[in-house]
Amino acid sequence: MNTTTSTQTDAPGAPHRADAHDLIRVQGARENNLKDVSLELPKRRLTVFTGVSGSGKSSLVFGTIAAESQRMINETYSAFLQGFMPSLARPDVDALEGLTTAIVVDQERLGANPRSTLGTVTDVNALLRILFSRLGQPHIGTSNAFSFNVPTVHASGARTIERGNQKAERVTFTQLGGMCPRCDGTGRVNDIDLTQIVDESKSLAEGAITVPGYTPDGWYVRLFMESGFLDPDKPIGEYTKRERDDFLYKEPTKVPMGGANMTYEGLVPKITKSMLSKDKEAMQPHIRAFVERAVTFTTCPECDGTRLNAPARSSKVAGISIADACAMQISDLAQWVRGLDEPSVAPVLANLRHTLDSFTQIGLGYLSLDRPSGTLSGGEAQRTKLIRHLGSALTDVTYVFDEPTIGLHPHDIARMNELLVALRDKGNTVLVVEHKPETIAIADHVVDLGPGAGAAGGTICFEGTLDELRASGTLTGRHLDDRARLKPDLRTPSGHVEIRGASTHNLRDVDVDVPLGVLVVVTGVAGSGKSSLIHGSLARRDEVVTIDQGAIRGSRRSNPATYTGLLEPIRKAFAKANGVKPALFSANSEGACPVCNGAGVIFTELGFMDVVSTMCEECEGKRFQAAVLEYHLGGKDIAQVLAMSVTEAAEFFAAGEGRTPAASAILARLADVGLGYLSLGQPLTTLSGGERQRLKLATRMGEPGGVYILDEPTTGLHLADVEQLLGLLDRLVDSGKSVIVIEHHQAVMAHADWIIDLGPGAGHDGGRIVFEGTPADLIAAGSTLTAQHLATYVAPT
């Protein structure tokens with residue numbers, strides 16, 4: 001059998017056909033608010049996507065291009081493997097061509113598990129454990145002996161080998177781990193204040209347990225009352241010693257209940273397992289408030305917070321233990337590793353040097369490996385994810401970044417820009433969602449979405465170069481060269497809050513007086529000690545409301561109405577107007593459509609293939625029972641109200657039959673932060689990072705307090721949105737509040753009444769106050785990095 005292979009060649013001098021695929025083509029993208037978007041993106045170039053928050057940037061870049069690339073890669077695996085992988089639905093788009101492998105570096109926080117540290121999430125701890133297991137003196141064991149997540153296990157017993165003449169023999173087994181036995185490798189021990197979890201004047205039936213979720217008619221308390229160990233009608237204060245021990249500390253015991261055997265356990269170990277084993281940053285706000293009130297966390301006295309047992313701390317390399325190494329600033333640790341010359345572990349040392357140098361290169365050299373991953377800011381987490389890609393030999397891949405300049409001082413943005421350009425110059429396609437003009441300036445290609453947000457966005461307003469954007473007349477083009485002006489009239493402080501001897505993290509016995517009744521901006525390079533000073537010294541004081549960068553957690557069932565508490569007064573208003581229960585007007589409660597359980601859509605699992613979602617035919621996507629939609633308030637049913645925008649709802653609840661003052665107050669705050677276009681029932685999962693940040697700001701503004709602390713409120717905000725934020729901050733101060741903002745944006749600095757600048761560098765090169773005074777005085781002094789960058793941003797008067 002003859003096989004003929006024909007090869008079609010291009011004409012001499014003509015470009016090779018393989019080189020013709022130099023564009024990523026998107027046709028008819030309709031994810032979220034995108035309106036049949038079609039565009040062509042150049043490969044091996046740096047493209048920046050701009051537009052107001054909520055205009056559709058993330059929907060296009062992450063929800064369409066990156067999502068389809070990752071979905072198609074997953075399809076190359078076997079059906080068996082796909083069954084273990086997350087199922088990714090195909091984006092709502094007509095066609096995508098020219099895709100390459102996408103590597104996503106997003107803003108999502110790293111895991112907040114209390115056992116997760118910067119060293120574990122970057123695998124540096126694993127390399128250090130190998131190093132110490134080979135070179136550490138005295139030698140104590142394998143790499144597990146240096147892991148704070150592995151306990152030491154001892155076992156002994158008889159073993160019988162069924163071979164020939166069976167013979168039983170005595171064996172012992174020891175697995176040496178590095179976990180501190182006192183704190184279970186968490187570095188902290190806790191002490192529970194019993195007065196905060198039990199009201200001893202009440203019985204169980206009267207609600208003696210004051211832990212969130214432990215209601216008298218709830219399952220947890222029923223188990224206590226029906227266990228047979230306790231009298232449910234007897235006040236806790238009258239319990240005998242035996243009853244008290246059974247109530248608070250009894251070991252897990254099987255008890256019959258409701259025809260089944262249930263596990264009964266004392267209250268203290270029960271809440272220790274269910275609540276205290278979790279990281280506080282990952283808890284719901286009311287649970288976190290309870291834990292902070294009822295539990296005192298202190299550094300473990302046995303391991304001194306290192307998480308490691310005595311043997312692991314005793315083994316050293318060049319006079320340094322693994323606990324010492326993890327506590328060192330990474331830039332110092334990198335220098336220590338460079339001083340080691342051991343041919344037997346050369347590959348480990350080379351890998352360590354590269355990874356630690358990457359930390360310094362990306363501007364995170366001020367951190368330490370024992371830093372809990374849940375405490376990293378959004379910008380720090382994103383840069384940590386980037387570390388594994390620095391120096392990678394991969395080319396012709398698509399790197400997708402979501403605001404990589406978050407948390408960066410203007411001085412640090414230049415370094416990040418160099419990294420983005422370096423990735424492009426290796427032959428990669430770099431797609432960046434960004435608002436900062438310094439990063440937009442390095443783009444080879446700019447895509448501007450808008451013109452507005454939400455339903456008013458989702459279209460391409462501009463494509464082209466930076467100079468063409470400036471002349472385009474779009475909202476981004478008009479604001480690209482914005483420069484701030486210093487305020488001619490500054491507010492006079494009404495008092496001061498004294499901070500004395502602050503020494504959290506890298507702070508060096510800092511003394512500072514923070515003015516009250518004015519807008520104070522705390523600035524400095526990343527890692528200079530801003531958050532340590534403000535959060536560590538002020539955030540826990542009375543009358544202080546802290547609005548940090550913590551991520552909003554919510555499922556598809558969560559929306560702005562549920563998150564802000566707006567749904568509660570709306571439900572009550574509907575119930576009062578119609579003489580029925582408020583629970584009927586919740587799609588997560590009695591009013592839910594019985595077919596889709598209030599989801600509005602029905603999901604069909606198809607094994608390893610895409611999950612198919614179809615609109616519920618029973619409720620037509622409205623999520624409520626038909627009978628519930630018969631009830632009206634001001635001529636609208638509950639589904640129609642949840643479909644309203646914030647602006648429309650504000651008018652509806654302000655007057656007439658729908659007048660509801662409690663709802664109006666919340667809607668006013670949402671409008672204040674620029675979310676007037678959001679619909680009340682829009683799932684939180686569809687909101688952009690900037691929208692979530694502002695939603696959180698609007699919610700926390702409703703809390704009573706005289707001092708507001710805002711941590712980088714410009715995150716995710718377009719240049720035009722910053723003006724609206726400054727107006728909101730002014731209104732807060734003018735209403736008698738004291739506002740303290742941790743911020744890098746020069747427009748916010750220029751608008752301040754008082755600036756506190758920390759530095760001069762990061763880590764142990766920072767931690768000091770390098771300037772206190774007005775913005776004008778800071779520029780005049782010109783002595784700090786902040787002063788230099790602010791001077792170039794402020795328009796000459």
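Me: How many cavities of 30 Å³ or more does the structure hold?
Reply: Seven. Keep in mind that this is a predicted model.

Me: What makes these spaces cavities rather than pockets?
Reply: It comes down to the probe: a 1.4 Å probe fits at the points of a cavity but cannot get out, whereas a pocket is an open set.

Me: How much space lies in the largest cavity, and which residues lie nearest its centre?
Reply: About 160 Å³. Its lining has 17 residues, and Glu403, Lys436, Thr714, Thr715 and Gly716 are the ones nearest the centre.

Me: Why is the largest cavity said to lie between domains?
Reply: Because domain 1 (41-109 + 376-479) and domain 4 (482-552 + 699-796) both give residues to its lining.

Me: What is the make-up of that lining by class?
Reply: The largest cavity has eight polar, five charged and four nonpolar lining residues. Gly counts as polar, so Gly716, one of the residues nearest the centre, goes in the polar class.

Me: Which helix gives the most to the lining of the second largest cavity?
Reply: That's α25, with four residues. Both α24 (689-700) and α25 (719-734) supply at least two. The space there is about 60 Å³, and the lining splits into six nonpolar, three charged and two polar residues.

Terms used
Residues numbered from 1 in each chain as written. Predicted model: local features only at pLDDT ≥ 70, side-chain atom pairs only at ≥ 80, totals over all residues. Heavy atoms only, no water. 1 Å grid on protein atoms, 1.4 Å probe; cavity = no way out; pocket = protein on both sides within 12 Å on 5 of 7 lines; lining within 4 Å. Points joined across faces, edges and corners; volume = space filled by probe spheres on them. Domains from an automatic or database assignment.
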